[in-house]
Amino acid sequence: MKLKLLTVYLILIIPFFSFGQQYIIKGTITDDKGVPVPNARVSAPGSDVSTTTNETGEFILKNLPSAVTNLEIQPEPKHEEKVPETATEIIVDTPKTEEIVNYRADTENIPTISSDDEGSEGHSSTSENVASVLSSSRDAFNNAAAYNFSIARFRVRGYDDENLVMLMNGVPMNDLTTGRGLYNLWSGLNDVVRSREITSGLAPAYYSFGDVGGTASIDSRASHQRKQLQTSFSFANRTYDNRFMITYGSGLSKSGWAYAISYSRRWAQEGYVKGTFYDGHSYFASVEKFIGSDHSLALTFMGAPTENGRGKSSYQEMYDLTGDHYYNPNWGYQNGKVRNSSVGKNHQPLLTFTYQWNINPKSSLHAAIGYSFGYYRVSSIDWFNALNPQPDYYRNLPSFDPNYGEDTEAFIPYAEELANLIRNNTDSRQLNWDGMYEANALHDTVYGNVQGKLAKYVLQEYVTKYNRYSFNAYYNTVLNDHTKLTFGYLYQKQESEYYKELTDLLGADFYVNLNQFVDVENPTENSLQQNDLNNPNRVLRVGDIYGYHYFANVSKYSLWGQALFNFDHFDYMLALNVSSTTMYRDGKTKNGIFPNDSYGKSGEYTFPDAGIKGGATYKLNGRNYFFANAAFETRAPYFDNLFLSPKSNNRVANADDEFITSLEGGYHLKTPKVKGRLVGFFTQYTDETETIHFYNESFHTFTNYTLTGLNKRHEGIEAALEVNVGHGFTASGVVSAGQYFYTSRPNARITQDSKDTLLAANEIIYLKNVRLSNGPQQAYSLGLNYRSPRFWFLYMNVNMFDGIYYDASFTRRQVQSLDLVETGSSKWNEILQQKKSFNGYSLDVSGGWSWKIDKQFSSLKRPAYFLINIGINNVTDNQDIVTRAAEPLRFSFADKNLDKFAPRVTYAYGRTYFINLSLRFN
Amino acid sequence: MKKYIKVYFLVFTVALISVFSSCVKNEFDAPATANVDPDLTISKTIVQLQALATGTTPVLISTNQIIAGVVIADDLSGNFYKEMIIQDSTAAISIRLDQTNFNSLYPIGRRVYIKCQGLYIANDGSGNFQLGIKDLSSIGRIPSGLVAKYLVPGKWGIPVTPKVVTISALANEPRQTLIRLNDVQFRSADTGMTYANAATQQSLHRYVEDCNQVQVDLYSSGYSNFAGLSTPGGKGSIVAVYKQFGGAPELLIRNAEDVNMAGSRCGGGTGVSVGTGGLMTIADVRNVYPGGSAVFVGGTKIRGVVISDKTTANITGNNMILQDGNAGITVRFSAPNIFNLNDSLEIDLSGDSLQTFQQALQVNYVSSSAVTVLGTGMVTPNVQTTAYISSNLSLVESTLMKINGVTLSGGTSGTYSGTATITDGTGTLILFTRSGATFSGTIYPTGTVNITGFVSNFNGTPELIIRGTGDVQ
């Protein structure tokens, strides 16, 4: 049995090569106690060079390209501390080789970006991805931010994705229409995206001007992949239950070729949340050719086709009734099987072509071309002249008295009866698929020249298709001993196509392309009802596009330059960026309500922007650093915020660029026993434009609020202290204490999709001093780590979260909402008071063991390792941490009854585990 | 150590197999939808259940009673809202439920079984029975989440045949049953009118009559999808739910297809549409009048100059006379006329009716908001003799005429009030003045005078109507 399996591995392992060595850099790797680290791998990113330290921690790095500014250090796998779901590398950001010896070979926790979509309701609807760690040097703060705080959807400094510039092999990876990071493109490819360079805040990067949240650059080129074969299998109870990964890196051949391939599969019949399945494959291939030692060409292709059943946040009432904070209204039984109505499908392959030219020992040029394409689809139920099928529709809940509370005494037994029904009967709280099929069988209808069963319910998919093109080039040169210059040019273009597709008629024969929200005053004149006047009264079958159909086209040019000055005790930085963003909408349907304003191209809107940042670092000595940075920039509005209602028309807000001021300053302490930092930050966003869309009960239609003059402030401190207490123990404490809030009263332009009538041109929204809802504004962590010389480790962290605010509703903060309410009365306060969730706490424990198992594979003559990592998050199974809660956007202006529409709440997972087994041949 | 590796390889092998064999299934079969009744035993007919209601106060049905009936009215059109009517062979009852678009599962023609225990029943005082939950002293709506507990759907596609009755005999029918009236029409004032006000979503009463002018109220919701449709002008049948409201019968249709009135009206006339949908001369309007009551096609307009004078009140308050070239017409407003003598107007006649009143052609129930004032005009009277007017009534009806060299006689004590006589060399003509006219008490001149006025057709007899004493010179 064992022999046979071994043969399998031999076949897979054959393509190993060795390569030659020429030029030399020497160094020593020690840990923070000064103990030499043997068998650590040292390599220079972007080159073919890597080596291993000897028994005394010394290494000789040969054939090194001249412009290397970083070294990558991987500890011997035996000592590897692998926290589940995290990467295992450190990139030391230092230009001088002799400093390397002072850095501890260690691991860095970079969270895997998950693509689960629980609770993506609500107007902020920011992506559910947790942003990456924003710093390269290993630090207790970054560990906590990336790993321990992620359960509460913590965001560093409260920033959204758009504040962090992300690159993959030099190709920009932020969506141009929304600014969101495109983490989903490489989900599951953990093995090959470990080589990262990250700068936090306003610190300079040599590959991008960056943004207020910093930059992250991932390098997955073949030469950056370890020369190894690694397979791993994981068990978990999170979004998915199982993960398999296999990755092979060839290393660089004598002829200058390197290649790497990776495949992974993640799946679950049912994830942590009931009714959510997961099925993801990921693939990756990269080939790189060095021409001489100065030129490198790399072609990389990756993708992650993923399907998953989604969860949805619900009301506290439903959580209480079901006794389940993970109640998911999206699914129901069909023929006795669980079927989820909200299925996400995502596949956006990415192709990158990267060229690197080390022109001379002082200069280098990088150029990258990127192309990504594909789709993102989310299904949901659509219905026409039919009963609302959502099981947690507020009118279906016991709290809703259909008779206006006139006879509460009589209503109590019915409410109790309904509550019992929901408590005890799964069918009464989940989707009724069989009922929808039955309704679809009942309505024989003649429509135009078609006769058949007219669907009352269908399954639709909201489809977005993407084409993203980009070209990025940057040139780095060392001018003299004190000065380094960088120049860059970036061009990005994105075409996003949006439409709805009918994907399942649920047993009926056809459906109609009519706008059900239109009030038809004159039934003989039904043009208003037409979703597309160019194809009126169209009969719909499976696969047809309907509803809306348009393209969002955005292109952007940027030109930037940066100068870094290094002196004995001071470093200075100055960077400039200019850019121009152009966008337009191209409508493919002629909407019945906006016939003159929906079909064809909108105007082209161009926004020129500029940014400047500068900073200084005072290096008191090798242990104490003081720094201060400042940035001022303008930012074009995003397409989705500029256009009032791109699903129905070409109209735009009278929007201007927003202006951003960001300041940061602080202190870093780096001693062998104690490391720490204390950083203050202040970022002010002025004149932001934001558009939200929601179904408005008062108007029986989708309503659009476009806010202009929206100001926000993010301010606070970050502190971390890590003390080596000896005997293998390290203790750490982390604090992120911020305040993120609105600082203006924006103007809302309120439009609706069912009528060409402006609801308000300049409605003031009273948002000043209202908090933002973007995760915990305060987070704290205490950690204790133990590392055994016998190749195992144990980590423990206690975390606390505070300042998790309900997302403020705009509708509630209008004058109209307070009409006839006495100022300062309890009702007044009830309407205006922003709710805060309870403080949350969690306990995380993780551990790992590794074995060197060369003997079992002695025939390979390669080092082989077997690793087990186990992580348990939220050990105490605290199911009361709110990750997101949103005040309802519907407001009952008539009776001002806040209980009528309840907030939707999402809870963090309770106790979860992740067990990873891997086998590695170097 | 080797033990662990064996474990690993075992796990890994299983993993590899499972990676390529496990598939996350997301294909689904369509459930079979059988058209059958539930296995429930009916314990009472609807009439028997109604007997439980003691009056208008809701009575709890505390025993396990099951009724069944076929849905005869659902909420597809919006004319019924959160109310379903079911009927069995004995009677009908209204179910009040807090669901919009319940028609998706309980459409017309589907049998519904109701497990009544726990619900309340009451008579609304007019003999309409309602089933629901208690809401103070009346019947409230069943909470949406509980509807499926009480209402069990059965077979669908059951034909519902309304009982044919007459308007006079309606009161004998069980309330809320589906009835059909044959040979009925909308009363003339209600033809070509919208069923309800779709713009303001106001409900409206229209009246349906038989050829003996026995009328019944047709009540339609402003939220219904047919609210903005015009009522037909012809005669035919109507299918509706019969309710009793405020001591009088009331009909509610389920949708616009319940009304089929394309035949000739009582006493002739097709009630068909007239008009071009654009601007017409009054002469053309007179020419296309088909008899009976006709309805103007949307967009039809006329222009003209007002030749009557509301200030002297010698014309019914809601009326005015409009002349365009050599032709004129009576315009009747739904409210008192606000336009002045010599106003030049354009009137949108969309949906208005064209009919005769005492044989004079008249546009009915114009709204002031349909009138645009273009400016001021002046109509030069057509100078003719009394003989000409008498023998050419259809040409001169509602136009301004002048007769020279006449003498006036008769009337009430020498005043204009009432019926006086105009005499010229060719014959005589009636000069009619309303007693309510501001000048009715004025003594008319006794000598030879010239007289100007518009011609009114009173049941085939021409009468001259002056606007004031200045018309006599």
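Chain A has seven helices and 47 strands, where helices (H or I, at least four residues) and strands (E, at least two) are DSSP runs numbered from the N terminus. Hi everyone, that is our starting point. Please keep in mind that this is a predicted model: local features need pLDDT of at least 70, side-chain atom pairs count only at pLDDT 80 or more, and totals for chains, interfaces and linings use all residues. Residues are numbered from 1 along each chain as its sequence is written, while chains are lettered from A and ligands numbered from 1 in the order in which they are written.

How confident is the predictor? The complex gets an ipTM of 0.79 and a pTM of 0.78. For chain B the average pLDDT is 89, and 93% of the residues score at least 70; pLDDT is the predictor's confidence in each residue, from 0 to 100.

Let's stay with chain A for a moment. Of its 922 residues, 53% count as buried. A residue is called buried if 20 or more other C-beta atoms lie within 10 Å of its own, exposed if 12 or fewer, and partly exposed in between, with C-beta atoms placed from the backbone. As for contacts in chain A with a separation of 6 or more, 70% come from residues 24 or more positions apart. Two residues are in contact here if their C-beta atoms, placed from the backbone, lie within 7 Å.

Now find helix H2 of chain A, residues 140–148. Why is H2(A) described as largely enclosed by the rest of the structure? Because nine of its nine residues are buried. That run includes Phe141(A), Asn142(A), Asn143(A) and Tyr147(A). And what do the buried residues of H2(A) pack against? Among the partners are strand E36 (674–696), strand E37 (701–726) and strand E43 (840–852) of chain A.

Helix H5 of chain A, residues 433–441, is mostly covered too, with eight of its nine residues buried. Trp433(A), Met436(A), Tyr437(A) and Glu438(A) are among those buried residues. Their cover includes strand E18 (331–334), strand E19 (337–340) and strand E26 (457–480) of chain A.

In chain A you can find an open sheet of four strands in the order E8-E7-E10-E9, with mixed pairing. Its edge strands are E8 (171–172) and E9 (196–200) of chain A, each pairing on one side only. Two strands count as paired if DSSP finds at least two bridges between them. Strand E7 (residues 165–168) of chain A runs antiparallel to E8(A), and two bridges join them; Met168(A) sits opposite Val171(A) in E8(A).

On to chain B. Its secondary structure comes to six helices and 32 strands. The C-alpha atoms of chain B fill a box of roughly 135 × 60 × 40 Å along the principal axes. Chain B has a radius of gyration of 34 Å, whereas a compact globule of 473 residues would be near 23 Å; the radius is taken over C-alpha atoms, and the globule rule is 2.2 Å times the number of residues to the power 0.38. Buried residues make up 45% of the 473 in chain B.

What about the inside? The largest nonpolar core has 189 residues, and Ile72(B) and Ile86(B) have the most contacts inside it. Apart from it lies another core of 53 residues, among them Ile315(B), Phe333(B), Val363(B) and Val366(B). By nonpolar core I mean a set of buried Ala, Val, Leu, Ile, Met, Phe, Trp, Tyr and Cys residues joined through C-beta atoms within 7 Å. Leaving aside neighbours within four places in sequence, Ile86(B) contacts residues including Val70(B), Ile72(B), Ile93(B) and Val112(B).

Strand E2 of chain B, residues 66–73, is largely enclosed by the rest of the structure because seven of its eight residues are buried. E2(B) runs antiparallel to strand E5 (residues 111–115) of chain B, joined by five bridges, with Ile66(B) partnering Lys115(B). Three bridges join E2(B) to strand E3 (residues 83–87) of chain B, also antiparallel, and there Ala73(B) partners Ile85(B).

Last stop: strand E21 (residues 319–324) of chain B, where five of six residues are buried. E21(B) pairs with strand E22 (residues 327–333) of chain B in the antiparallel sense over six bridges, and Asn319(B) stands opposite Arg332(B) in E22(B). The two strands form a hairpin with two residues between them, and Gly325(B) in the turn has a positive phi of about 65°. Thanks, everyone!
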